[in-house]
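Dear colleague,

I am passing on the structure below, and after it I set out what was found in it. Please read the definitions along with the findings.

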Amino acid sequence: MSRAATYEIRVDGEVPSDVFENFEGLTRINRSMHTTLRADLVDPAALYGLIAALRRAGLVLLEVRREPGASQDQATEAEGQPSG
């Protein structure tokens, strides 16, 4: 079962605006030599689609990191509770 997750994605260079038009939930932090994106994505397929779009834009992927999220924490808590 897929759950929404938040990712931090760092690329070398500036992300073109058309990438933002094609993906909802993206936030950009520009730095001098790279861009960090914060992306709220619904499933792994959305992550792979975003990575593919960044590659098509000619950007070099530097880092992808999944941030711990509330949905992940809630799922862990629910697993520890007896069903009833």
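A polar contact here is a pair of N or O atoms within 3.5 Å; within protein, one must be able to donate a hydrogen and the other to accept it, and residues adjacent in sequence count only if both atoms are side-chain atoms. By that rule, the side chain of Thr35 reaches the backbone oxygen of Gly13 at 2.6 Å.

This is a predicted model, in which local features need pLDDT of at least 70 and side-chain atom pairs count only at pLDDT 80 or more, while totals for chains, interfaces and linings use all residues. Residues are numbered from 1 along each chain as its sequence is written, and side-chain values use heavy atoms, with hydrogens and water left out.

The secondary structure comprises three helices and four strands (DSSP runs numbered from the N terminus, helices being H or I of at least four residues and strands E of at least two), and along the sequence the pattern is β-α-β-β-α-β-α. The four strands form an open sheet in the order 2-3-1-4 with antiparallel pairing, where two strands pair if DSSP finds at least two bridges between them. Strand 2 (26–30) and strand 4 (60–67) are the edge strands, each pairing on one side only. Strand 1 and strand 3 pair in the antiparallel sense over eight bridges, and Arg10 has Thr36 in strand 3 as its bridge partner.

Thr35 also lies in strand 3, and because its relative accessibility is 1%, Thr35 counts as buried (under 20% relative accessible area, with exposed over 50% and partly exposed in between, using a 1.4 Å probe and protein chains only). Neighbours within four places in sequence aside, Thr35 is in contact (heavy atoms within 4.5 Å) with residues including Ile9, Val11, Val15 and Ile29.

Ile9 also belongs to the largest nonpolar core, which has 19 residues and in which Ile9, Val15, Val19, Leu26, Leu41, Leu50 and Leu54 have the most contacts; such a core is a set of buried Ala, Val, Leu, Ile, Met, Phe, Trp, Tyr and Cys residues joined through side-chain atoms within 4.5 Å. Strand 1 (5–12), helix 1 (17–22), strand 3 (34–41) and helix 2 (44–56) each give two or more residues to this core, and helix 2 gives the most, with six. Among the contacts of Ile9 beyond four places in sequence are Leu47, Leu50, Leu54, Leu61 and Val64.

For the protein as a whole, buried residues make up 30% of the 84 residues.

With best regards
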